[in-house]
Amino acid sequence: MKNLARNQLLLSLAIALVAVASGFWLLSDPRGTLPFLLTLASLLGAFLLPISKWLKVLIGGAILLIVVPAAGFQNSFLFELGVQIGIYAAMALGLNVVVGLAGLLDLGYAAFFAVGAYTWAIFGSKQANEFMPVKIFPLPGEYFYLFMLLAVVAAAITGLIIGLPALRLKGDYLAIVTLGLGEVVRVLANNLDQPINITNGPQGITPIQRPPVDWFIAIFNQFGIQLDKAQAYPLFFYFLVLGIIGIVTLVNIRLDHSRFGRAWIAIREDEIAARAMGIPLLPTKLLAFATGASFSGAMGALFAAKQLYVSPESFTLIQSIIILVMVILGGMGSIPGAILGAATVTILNVDVLKTASEYLEGLRSSGFTINLGFFKYNFANLPTQLEPAKYERMVFGLIMVLMMIYRPEGIIPEKRRVLEMRESE
Amino acid sequence: MRKSILPALLVAFGALAFAQSNVIKIATVSPLSGEQAALGEMIKLGAQLAVEEAQPEFEKLGFRLELAPQDDQANPDVGVAVARRLVTDPDVLAVVGHLNTGVAIPSSEVYKDYQLPMVSPANTGPAVTDRCYLNIDRLVGRDDVQGPAGAEFAVKTLGAKRIFVVHDKTTYGQGVAEQFKIKAEELGAKVVAFVGTEEKSNFQALILQMKASRPDFVYFGGIYNQGAVLLKQMRERGIKATFMGPDGLDSSKFVEIAGDAAKGAYYTTVAGPIDQYPKAKAMAEKFKQRFGKVPESFAIYGYDSANVVIAALKSFIEQAKRKPTRAELSMLIRQTQISGVTGDVAFDYKGDRKTADYFVVHLAEAKYPGEVAKVISFPAPASVCKSIR
Amino acid sequence: MFEVLISLLPSVLLEGLILGFVYAMIALGYTMVYGVLELINFAHSEIFMSGAVAGAETFILLKGTIANPYLLLLVAIIIGGAVAAFVSVSVERLAYRPLRKRGTTNRLVPLITAIGASFFLQDLVRLIEGLWNNAFYRRYPTFDAFERTYNLPVWLGDIVIILSLFTFFFAIVYLIYWVGVRLARAKQKRPTRNTLYALSGLSILFTVLFSLKYREVLTTDMGLSIQMKSLLVIVVSLAMLFGLNWLVNKTKLGVAIRAVAQDAQTASLMGINPDVIISRTFLIGGFLGGVAGVLFGLLYTLVHPYVGFIPGIKAFTAAVLGGIGNITGAAVGGLVLGMLEMLGGTYLTFLTNGAMGTEYKDILAFVILILILLFRPQGILGQQVGEKV
């Protein structure tokens with residue numbers, strides 16, 4: 001027993017040390033990819049290792065609330081990254097309900113994201129004047145929060161509309177039909193500029209109102225930190241997303257342990273047995289679909305406000321696939337897995353692959369030459385097509401295939417899942 | 001109280017780590033991969049040539065001038081992500097790009113937040129400059145001139161009466177097609193159809209519609225990869241209507257893909273063929289020597305765009321002996337005048353080129369570039385801006 | 001308006017037929033793999049694409065060497081098919097087989113693997129093409145022999161119109177009958193032979209009356225023509241269809257494939273190695289997909305790494321429409337879908353007065369898919385299969 005306690009103490013010390021060291025490194029080099037990754041790794045380590053809950057909260061809080069924002073002041077890209085991770089994490093959590101818990105493969109998930117985004121984009125810009133009888137648009141930024149709720153409702157309703165026909169179908173067919181319906185939503189967004197101009201078609205909608213941040217700046221002024229609007233918005237969205245992730249995670253955990261959560265898992269494991277147990281199939285599946293959709297809708301509204309621009313091109317199949325990859329990578333059905341998956345894939349996509357491309361470009365333009373006597377290579381001859389950032393589909397496809405072959409239960413597996421995926425080994 | 005000191009300390013700590021470097025980066029952002037890479041690559045190479053030519057001079061001034069080529073994949077999301085990365089690099093002082101108006105608009109919202117100057121070698125959408133941003137300038141003409149210029153040529157010179165308008169459902173293609181349609185109708189021609197399509201392979205449904213509505217003229221608002229295939233299939237099915245498109249068709253690939261069908265087609269462009277510019281000959285030779293390719297229209301615009309930035313940078317450094325801030329550079333670029341290979345470059349109040357040239361090019365043979373059928377010098381439309389932000 | 005719709009009809013159906021044969025060729029691959037493994041082989045669209053790209057490379061490389069276009073086409077078909085078959089077998093070997101060996105019962109796992117493989121292949125081909133040719137698009141060369149257009153006699157168009165009218169009236173009459181039966185709550189729901197005769201007679205009557213009344217309108221003055229390459233598509237896909245039917249029904253391999261499809265475990269007790277048979281199935285399906293790719297390229301000129309997605313989805317829809325797992329069904333589904341798509345794509349604009357255009361034709365395929373899956377999941381020619389528990 002004593003040994004165990006000592007081990008835990010050592011572990012706690014070690015992770016705290018790593019966290020502090022990486023935090024300071026990040027602060028001193030806020031543009032570096034390595035210190036950023038190390039900081040996140042220590043966050044993950046603190047979460048996964050068997051250390052006291054208080055220490056976990058302390059490390060997590062310090063990194064998320066102090067280190068990253070402080071580093072973000074010099075490198076606002078960190079905020080961008082954080083907000084994107086947050087948006088994707090919430091969506092991955094939503095898709096996790098559908099794919100992970102209820103076992104319904106939804107390949108059109110980006111459609112709900114689109115519904116949420118357009119809900120705010122249309123009314124938070126002049127676009128709504130095109131078809132509304134009263135010309136009072138854009139609505140002021142304060143309405144954003146109301147419309148975030150409306151986006152949740154709109155996405156959930158879309159989920160019901162899409163789900164009602166689609167969910168009568170079995171596994172494979174469901175996948176391809178949701179793929180089709182996801183595409184239908186995009187095509188509609190692209191074409192509903194006539195006869196009535198609702199979405200402004202391919203032109204997209206811009207500029208979109210953002211929620212006001214004056215109170216937010218005022219709070220920081222209280223502590224003696226001066227912010228201008230260009231600085232305040234990334235920081236504000238970062239905190240907003242953190243808050244939403246917190247809520248979404250809580251909802252997820254509650255759902256997981258609720259009557260519905262158990263019903264979803266029962267359906268996932270064996271539909272016929274679940275029906276025999278008295279679970280109404282279609283309503284239960286619909287509920288999963290609508291729940292998943294509503295998370296995506298909320299993030300869509302946030303995306304519209306953050307991006308200031310919405311166009312149909314943001315809601316293609318690859319978007320849905322990327323979110324699916326996050327869920328698969330983290331572990332289908334696993335809540336921490338979905339968040340980890342979202343973070344990993346987003347960082348890979350917007351930071352690591354781009355950094356690697358820039359590194360190669362640097363080598364190319366420097367004309368660096370390797371000379372090993374027998375092997376001579378001038379990097380200026382490196383083909384320009386060789387850029388990791390261009391081949392995201394290849395990377396994600398590979399992740400999907402490899403995960404399915406070697407670790408179908410994901411990085412942080414849901415406990416029940418391990419048994420199922422490996423039952424016949 | 002302790003709480004308020006901690007974040008402030010951290011900020012100060014970070015600020016100390018931030019050091020001024022003597023590297024100046026000019027970024028190009030254009031599609032380098034995917035369907036429109038042929039156009040985007042030209043922008044990048046043009047700017048690269050300009051930067052490489054200026055490097056020795058900057059060396060003397062004590063600065064290292066670098067090019068940071070970026071790929072926006074012609075996708076607005078990627079464009080915005082690239083933009084957000086660029087603005088956080090303090091060495092990046094200016095952007096030359098984008099190719100697509102639909103990408104340029106959301107990306108430039110990001111640049112605007114950081115006052116990062118963007119000089120556009122290709123975006124023709126009116127909204128690019130009509131938002132009245134200080135940091136956005138463009139060298140090329142506008143769709144609300146290019147579209148109507150095409151329509152005028154089509155109706156008045158070519159005598160088009162029944163016009164079938166197709167567009168590619170992008171910000172750019174639909175935008176220019178709409179401008180074309182308005183002017184053509186104003187001049188008395190009948191627009192028998194106005195349809196958008198995302199189709200890339202099989203245009204038969206459209207061609208059957210053409211058979212039914214019997215147009216004598218087809219206008220395609222979009223990029224060569226679709227336009228060339230549409231044209232080829234039209235001719236295969238015996239539609240003989242004259243074909244015209246905007247500067248998205250201005251690529252050797254258009255002729256390559258359409259093959260013999262390209263014969264007789266017209267396109268309007270804001271970036272004239274190289275032979276239109278006496279000064280461009282020397283540049284074209286250098287370009288060919290350096291990259292082993294013949295420069296196409298967007299290459300010389302990329303070249304001139306980079307040169308505007310370089311001229312502004314140089315004049316600032318020579319006076320102030322330091323790197324300009326982005327806001328200072330934005331202001332300076334708007335006032336800079338150079339005599340570029342595409343003619344004299346000067347910007348008006350809102351960032352449009354004071355006088356832009358518009359060309360109607362005729363592909364008499366299936367060979368790129370075609371012969372210039374008409375050149376229109378047109379002043380930028382009057383400013384809609386009350387003030388510049 | 002009505003005149004236009006009628007006189008276009010033969011051309012629309014002909015184009016739909018050609019498109020349908022393209023879908024049918026791709027659908028064969030989906031249906032074969034599904035028949036054996038009950039797996040939607042998402043990667044089939046990329047197998048098709050790799051065949052198309054390989055065919056383009058063959059054409060480009062050998063154009064100077066082989067003068068006879070038909071011989072060249074044969075070589076391209078063989079190489080395209082072989083490359084696609086290789087890709088197909090590799091995907092099975094590297095991605096699907098490990099899953100089978102582990103014996104997971106989860107239905108999502110193979111499906112997700114298939115999607116992953118599909119995306120991986122898209123960018124793999126793009127990378128290879130990028131490194132090899134620095135290109136995204138590959139263009140199929142044009143040959144006069146394939147471009148030659150044959151005019152079809154006018155009476156053929158008239159017959160098509162009459163037949164379509166008959167089909168149209170029959171559909172309406174049948175629908176009325178069907179609704180009537182439902183409303184009357186009759187016990188006999190399926191029409192008897194005599195009822196069918198009566199319905200047909202009624203439709204013929206309507207057709208004749210209608211034709212007499214609108215005699216002048218009911219002819220096609222558009223002219224009906226077909227190109228050599230379209231004829232080639234029809235011939236090759238018919239050959240593929242009959243060849244495959246023969247292979248599955250008449251050869252030893254076919255028996256083994258059917259045995260494995262029925263019950264792999266029992267088949268293995270009969271001395272059949274399921275792995276070998278599955279591999280062969282992928283080989284054949286891949287080869288057919290590759291051939292389809294080459295003909296697709298020949299027909300529509302331009303191919304690229306992302307070209308497979310849309311035709312792939314449509315072909316899958318066709319396979320489901322015809323009854324997945326059924327070879328003839330795949331062909332029937334392809335033809336029906338092709339014609340519906342062409343009808344929708346051409347007529348939607350006219351019918352909605354321009355409010356909904358050709359853009360909605362891709363949606364049409366998905367709507368059909370959903371309707372079929374909801375109301376007749378076994379497809380046109382499929383048989384109802386109970387769920388395996």
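Is P56(B) buried or exposed? In this predicted model, P56(B) has 9 C-beta neighbours inside 10 Å. A residue with 12 or fewer such neighbours is classed as exposed, so P56(B) counts as exposed. The residue belongs to helix α2 of chain B, which covers residues 37–61. A second residue of chain B, D216(B), lies 160 residues from P56(B) in sequence. In space, the C-alpha atoms of P56(B) and D216(B) are 55 Å apart.

Chain B is divided into two segments-based domains, each built from two stretches of sequence. Domain 1 comprises 21–141 + 276–352. Domain 2 comprises 144–269 + 360–379. The C-alpha centres of domain 1 and domain 2 of chain B are separated by 29 Å. Their contact takes 14 residues from domain 1 of chain B and 18 residues from domain 2 of chain B. On the domain 1 side, the elements of chain B that give two or more residues are α2 and α4 (101–113). Helix α2 of chain B is also where P56(B) is found. The domain 1 side of the contact holds nine polar residues, three nonpolar and two charged.

Confidence was examined for chain A. The mean pLDDT of chain A is 86. Of its residues, 97% score at least 70. Among the elements of chain A, helix α5 (residues 110–123) has the highest mean pLDDT, 95. Helix α16 (residues 415–421) of chain A has the lowest, 62. Where pLDDT is low, predicted coordinates should not be read in detail.

Notes: Residues numbered from 1 in each chain as written. Chains lettered and ligands numbered in written order. Predicted model: local features only at pLDDT ≥ 70, side-chain atom pairs only at ≥ 80, totals over all residues. Helix = DSSP H or I, 4+ residues; strand = E, 2+ residues; numbered from the N terminus. Buried ≥ 20, exposed ≤ 12 C-beta atoms within 10 Å, placed from the backbone. pLDDT = per-residue confidence, 0-100. Domains from an automatic or database assignment. Contact = placed C-beta atoms within 7 Å. Nonpolar A, V, L, I, M, F, W, Y, C, P; charged D, E, K, R; others polar.
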